[in-house]
Amino acid sequence: MQKLEFLIEGTKYAVSIDGSPEFKVGKNEFLSKENTDITFHQPWYPVGYTEQDFLNEEEFASLKQGLTLSISNMMKQELNIETEGFNLENYHEFVKSDTDHFKIVDKTRDLFADDFNFPIMTLIPRLGNILGFPLTDINNITKKKLHIIVRINRPNSKDFNPPHKDIYEGVDKDNYIPQFVNFWIPIAGVTENSSLPIAPKSHLLNENTVKRTFDGGVVEGNKYRVRMIESWNGDNALIRSTVKYGQVLIFSGHLIHGLAVNDEKDKTRVALEFRLFKAES
């Protein structure tokens, strides 16, 4: 069995990569630049991410309640199960098999505004206010509307992407760099044992120091669209974001992140994720 090892906050994690494409370094080039990364002029650009206050207590409670209702309805429709007593943190007590979980994830990783039971699009202008420019969920180049993702990560599961950069699929498949910003909003079960791992400053690296696949990676037998990164500048260490409830983690689409292992014993982790573009004036 082929395995790769990574460090998250100093703890070693080994994952199977059997069936994964070949790992190679990229070209001698820097992909994150002023004309390719819309976070370039943000004060936090040198590290590639920031954690910002976003919602007050009442607003956060409303958002969590809305997401709980949305996921509960999906469970009823897709799995035909009774959801009395359900909350996001105990999701794993209701959705117990990988097969059932994947039925839910097939929905939650590709959502649009109409899929939610509350006005989720009202969040986008507020996220734009943080950055200082208007945002849109429509890709300025392809004119396609980008989906919203609800990340559900059960405790002690394989519900995580490999380490990756979100821009790589556009670079490899279509020879262009998608210019979006990532927004990761913690909703439930997010702790120092489950928060999203990131590699600070990794967006600044020359691509010839990043060893990765050039097609979707395979981790623990699961095939992903994202390209898997083995190492960056000889490193394989990530830190977990310290983003709190009511805050939003904002990071460049060029930043390495992933391998969000949920080490909580009995809490499902749920986060809301947007990838948004700078709106054309």
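Select Met 121, Ile 124, Asp 137, Leu 146, His 147, Ile 148, Phe 274, Arg 275 and Leu 276: together they line the largest cavity. A cavity is a set of points, on a 1 Å grid over the protein atoms alone, where a 1.4 Å probe fits but cannot get out, and lining residues have an atom within 4 Å of a point. The space inside is about 30 Å³, where a volume is the space filled by probe spheres set on the points, joined across faces, edges and corners. Strand β13 (residues 269–278) gives the most to this lining, with 3 residues; strands are DSSP runs of E with at least two residues, helices runs of H or I with at least four, numbered from the N terminus.

The model is predicted: local features need pLDDT of at least 70 and side-chain atom pairs pLDDT 80 or more, while totals for chains, interfaces and linings use all residues. Residues are numbered from 1 along each chain as its sequence is written, and side-chain values use heavy atoms, without hydrogens and water.

Next, select helix α4, residues 123–131, where Leu 123, Ile 124, Leu 127, Gly 128 and Leu 131 are buried (under 20% relative accessible area, with a 1.4 Å probe and protein chains only; exposed means over 50% and partly exposed in between). Because they cover an arc of only 140° around the axis, they sit on the same side of α4; the arc is that of the directions from the helix axis to the C-beta atoms. Turn to the face away from the buried side to find the exposed Pro 125 and Asn 129. After α4 comes Gly 132, with a positive phi near 90°.

Now show the largest pocket, with a volume of about 1,300 Å³. A pocket is an open set of points with protein on both sides within 12 Å along at least five of seven lines. Of its 49 lining residues, His 147, Ile 149, Arg 225, Val 226 and Arg 275 lie nearest the centre. Elements giving two or more residues to this lining include α3 (98–108), β10 (222–232) and β13.

Move to the second largest pocket, of about 210 Å³. Lys 27, Glu 29, Leu 31, Val 171 and Asn 175 are nearest its centre, and α5 supplies the largest share of the lining, 3 residues.

Finish at Arg 240 in strand β11 (residues 237–240). Is Arg 240 buried or exposed? Arg 240 counts as buried because its relative accessibility is 5%. Its side chain reaches the backbone oxygen of Asn 193 at 3.2 Å.

Methods. Polar contact = N/O pair within 3.5 Å; in protein donor to acceptor, adjacent residues only side chain to side chain.
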